[in-house]
Amino acid sequence: MTIRIFAYLYVLGTTEGVAKCCLLSYSIVLIRYVSGIFYLPQPDISAPGVEILAAYSPVASPSGNADDKRSVKYNVVSGTSMSCPHVAGAAAYVKSFHPNWSPSAITSALMTTGIIHFSRSFYTSCFSLAYHMNFIC
Amino acid sequence: MNTAKHADAEFGYGAGHINPIKAVDPGLVYEATRDDYIRMLCSMNNTLFSKCPQHIEGSPKDLNYPSMAVRVEENRAFTVKFPRTVRNVGLAKSSYKSNITTGSQINVMVEPSSLSFKSVDKRQSFVVTVAGKGLPANSMVSSSLVWNDGTHSVRSPIVVYTIKPSN
């Protein structure tokens, strides 16, 4: 979500919650002065990032093992790199309704409407992901 | 996602899990311009850019961001103010009431505690004041501010922490 900001702003993704809640990966914004002496974390947004069907480089080893010579176009992978496109897609979805909104307005819209209370079944269901991001169908 | 289940709290899950359908109609938005970001960066270090003013008021927490976070000195009483401005993107005539959830360690107030709009795109400003008697080392306290007009719920997480910066 911080695509158009400055070189001094870093986006830090964390995946610490993964073990407790198997279907989310988390990201926060970390603003850090370039020399490393100043830092300001701010709560940002979470999006799906665990066990995501994602495009994959056909020249990379699908298992991460150098002896694995298979080539795949898709793989099921986890991390903030899978979480980030969900947020980008949601931002584009919001912008399609409000073409004149600034990036900060779209960021605000995503953040202030985030879901914070999940039912117990949400925690225990690893495969309800599509349901929670099902805004296209 | 709540603090009982996630020790990282807002630094783990942020403002919440993304919800695109609701995000299309948020009611109010917090906006920050390019100049606001430059002012924030200058407030961190006024030698960052040649256009930074010599003396700048405020600090990064003052950026008009939908979440509010501040680091305070451990075991020291604190009072922190977050100035914020929202733009009405919901119903033309609307009235929002503030709702604060907080624990025993901090006291959170918002002034004014209600916002009235007569048209779309109008802006209203308010100040969130967070006060406490002092937090232990390496701790964080979560709170939240929700503006509600009966249709929209505009939630901002508030975090006060004493966790030391790491590189």
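This is a predicted model: local features need pLDDT of at least 70, side-chain atom pairs count only at pLDDT 80 or more; totals for chains, interfaces and linings use all residues.
## Salt bridges in chain B

Over all chains, a search of the whole structure finds 6 salt bridges. One of them is formed in chain B, where the side chains of Glu31(B) and Arg87(B) meet with an N to O distance of 2.7 Å. This pair links distant parts of the chain, since Glu31(B) sits in the loop between β1 (28-30) and α3 (34-44) of chain B while Arg87(B) belongs to strand β3 (residues 78-88), the two being 56 residues apart. Both Glu31(B) and Arg87(B) are buried, and together with Asp121(B) and Arg123(B) they are linked in a network of salt bridges.

## The surroundings of Asp62(B)

Asp62(B) is found in the loop between α3 and β2 (68-71) of chain B, and its side chain meets that of Lys61(B) in a salt bridge with an N to O distance of 2.7 Å. The side chains of Asp62(B) and Lys61(B) also make a polar contact at 2.7 Å. Lys61(B) counts as buried because its relative accessible area is 16%, under the cut-off of 20%, whereas Asp62(B), with a relative accessible area of 23%, is partly exposed.

Once its neighbours within four places in sequence are left aside, Asp62(B) is in contact with Lys81(B), Pro83(B) and Arg84(B). The C-alpha atom of Asp62(B) is separated by 5.7 Å from that of Phe82(B), a residue 20 places away along the chain.

## Surroundings of Ser113(B)

Apart from neighbours within four places in sequence, Ser113(B) is in contact with Tyr96(B), Lys97(B), Ser98(B) and Trp147(B). For Lys97(B), which is 16 residues from Ser113(B) along the chain, the C-alpha separation is 6.3 Å.

## Two helices of chain A

Helix α1 of chain A (residues 80-97) has 18 residues, which at 1.5 Å a residue should span 26 Å, and this agrees with the 26 Å between its end C-alpha atoms. The buried residues in α1(A) include Met82(A), Ser83(A), His86(A), Val87(A), Ala90(A), Ala91(A), Tyr93(A) and Val94(A). As background to such a list, an α-helix has 3.6 residues a turn, so residues three or four places apart point the same way.

Helix α2 of chain A (residues 103-112) is largely enclosed by the rest of the structure, because 9 of its 10 residues are buried. The buried residues of α2(A) are Ser104(A), Ala105(A), Ile106(A), Thr107(A), Ser108(A), Ala109(A), Leu110(A), Met111(A) and Thr112(A).

## A nonpolar patch on chain A

Leu53(A), Tyr74(A) and Val76(A) make a nonpolar surface patch of about 360 Å². Of these residues, Tyr74(A) lies in strand β5 (residues 74-77) of chain A, and because its relative accessibility is 56%, Tyr74(A) counts as exposed.

Conventions
Residues are numbered from 1 along each chain as its sequence is written. Chains are lettered from A and ligands numbered from 1 in the order in which they are written. Side-chain values use heavy atoms; hydrogens and water are left out. A salt bridge is a side-chain nitrogen of Lys or Arg within 4 Å of a carboxyl oxygen of Asp or Glu. Helices (H or I, at least four residues) and strands (E, at least two) are DSSP runs, numbered from the N terminus. Buried means under 20% relative accessible area, exposed over 50%, partly exposed in between (1.4 Å probe, protein chains only). Patches are made of residues with over 30% relative accessible area and no salt bridge: like charges are joined within 9 Å, nonpolar side chains (Val, Leu, Ile, Met, Phe, Trp, Tyr) within 5 Å. Accessible areas come from the Shrake-Rupley method with a 1.4 Å probe; for residues, only the protein chains shown count as cover. Contact means heavy atoms within 4.5 Å. A polar contact is a pair of N or O atoms within 3.5 Å; within protein, one must be able to donate a hydrogen and the other to accept it, and residues adjacent in sequence count only if both atoms are side-chain atoms. The expected span of a helix is 1.5 Å times one less than its number of residues.
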